[in-house]
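Me: I have a model open and would like to learn how to read it. Can we go through it feature by feature?

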Amino acid sequence: MADQDTIISDHQTIEDGVVVKVEGEIDLIRSPQLRKELIELLNADLDRMVIDLSHVTFMDSSGVATLVEALQIQRRNNKKLILCGLQQKVKSIFEISRLDMVFIITEDTASAAQA
Amino acid sequence: MSDRPDIEIRMVSQPRYVCAVRRAIEALADSQGMSKQDAADLALAISEAMTNVIKHGYDGQIDRPINIQVSPINPNGRKGLKIVIEDECEQVDLSQIQSRPLDEVRPGGLGIHLIERIMDQVQYAHRQSGQGMRLTMCKFIDAQKTVSER
């Protein structure tokens with residue numbers, strides 16, 4: 001998989017923020033690009049960022065670290081970051097690292113928009 | 001088990017190659033009867049271990065050797081996989097290889113915790129050659145899961 005591709009494949013504006021769709025494997029190679037794309041969006045001062053991970057097939061600790069950084073930025077600004085649609089093999093890394101208790105994680109984008 | 005592994009992969013410390021190794025080991029674990037989730041977790045642990053070698057052991061250098069050995073094991077009738085990862089990194093104090101407290105919510109530092117939680121046995125050692133580290137990990141197949149999924 002190319003490492004220069006765009007990680008966020010789509011983003012849609014919602015009432016109070018944005019839903020971004022992330023695709024593919026998020027690992028040591030691709031996490032820096034994801035970080036860059038998320039930071040650019042977070043600079044827009046969004047009340048709510050929903051990250052749709054339903055098309056992410058693998059995530060390692062570098063991917064998780066990128067999402068933790070995004071969460072910290074949102075929290076510092078008193079804004080929300082919500083993860084949704086995690087496949088079980090991706091959800092596992094959040095459970096093992098107990099970050100499922102830290103992030104707001106929902107089933108789908110519809111519930112994430114209300115969370 | 002003889003000392004010779006069933007599978008041996010020699011690669012350079014290029015991060016692009018990590019995905020190929022983890023996919024191969026996940027497929028092997030699946031073929032050995034490991035549950036899909038355990039095989040996926042195993043692939044994550046292997047990925048974290050290799051990432052640690054590349055990032056911390058070799059400080060991001062992409063042309064240093066990494067050797068991965070994989071063998072099916074069956075101690076006391078308990079099936080599983082043994083994975084050995086060897087490098088030529090500078091040897092570190094083994095007591096310093098520890099996971100960080102999880103109540104600190106911050107980016108990074110989760111790799112060792114993930115490896116220790118996913119794998120059933122984890123042992124770090126200095127290679128006898130005097131150069132490099134050896135990480136030996138085992139993951140066993142849950143017999144009940146194996147039966148129910150077949």
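Me: What do the buried residues of α3(A) pack against?

Reply: Bear in mind that this is a predicted model. As a general idea, an α-helix has 3.6 residues a turn, so residues three or four places apart point the same way. In this case, helix α3 of chain A spans residues 88-96, and its buried residues are A:V90, A:S92, A:I93, A:F94 and A:I96. Within chain A they pack against β3 (48-59), α2 (61-76) and β4 (80-84), and from chain B they meet α2 and α3.

Me: Where is A:D100, and is A:D100 buried, partly exposed or exposed?

Reply: A:D100 is in the loop between α3 and β5 (104-106) of chain A. Its relative accessibility is 28%, so A:D100 counts as partly exposed. Setting aside neighbours within four places in sequence, A:D100 has contacts with A:F94, A:E95 and A:I105. One of these, A:F94, is among the buried residues of α3(A). For a distance in space, take A:L83: 17 residues separate A:L83 from A:D100 in sequence, and their C-alpha atoms are 9.8 Å apart.

Me: Which residue of chain B has a positive phi although it is not a glycine?

Reply: That is B:D59, with a phi of about 50 degrees. B:D59 belongs to the loop between α2 and β2 (65-73) of chain B. B:D59 counts as exposed because its relative accessibility is 65%.

Me: Now the interface. How much area is buried between chain B and chain A?

Reply: The size of an interface is often given as the accessible area lost when the parts come together. Between chain B and chain A the buried area is about 2,100 Å², with 62% of it from carbon and sulfur atoms. Of the area that chain B buries against chain A, B:R22, B:V105 and B:P107 supply 23%, more than any other three residues. Counted by contacts, 25 residues of chain B meet 23 residues of chain A.

Me: How many salt bridges and polar contacts are there between chain B and chain A?

Reply: There are four salt bridges between the two chains. One salt bridge pairs B:E26 with A:K89, where the closest N and O atoms are 3.3 Å apart.

Me: Which helices of chain B supply the side that touches chain A?

Reply: α1 (18-31), α2 and α3 (111-118) of chain B each supply at least two residues. The largest share is that of α2(B), with eight residues. By class, the side of chain B that touches chain A has 10 nonpolar, six polar and nine charged residues.

Key. Residues are numbered from 1 along each chain as its sequence is written. Chains are lettered from A and ligands numbered from 1 in the order in which they are written. This is a predicted model: local features need pLDDT of at least 70, side-chain atom pairs count only at pLDDT 80 or more; totals for chains, interfaces and linings use all residues. Side-chain values use heavy atoms; hydrogens and water are left out. Contact means heavy atoms within 4.5 Å. Buried area is the accessible area (1.4 Å probe) that two parts lose on being put together, summed over both. A salt bridge is a side-chain nitrogen of Lys or Arg within 4 Å of a carboxyl oxygen of Asp or Glu. Helices (H or I, at least four residues) and strands (E, at least two) are DSSP runs, numbered from the N terminus. Ala, Val, Leu, Ile, Met, Phe, Trp, Tyr, Cys and Pro count as nonpolar, Asp, Glu, Lys and Arg as charged, and the others, Gly among them, as polar. Buried means under 20% relative accessible area, exposed over 50%, partly exposed in between (1.4 Å probe, protein chains only).
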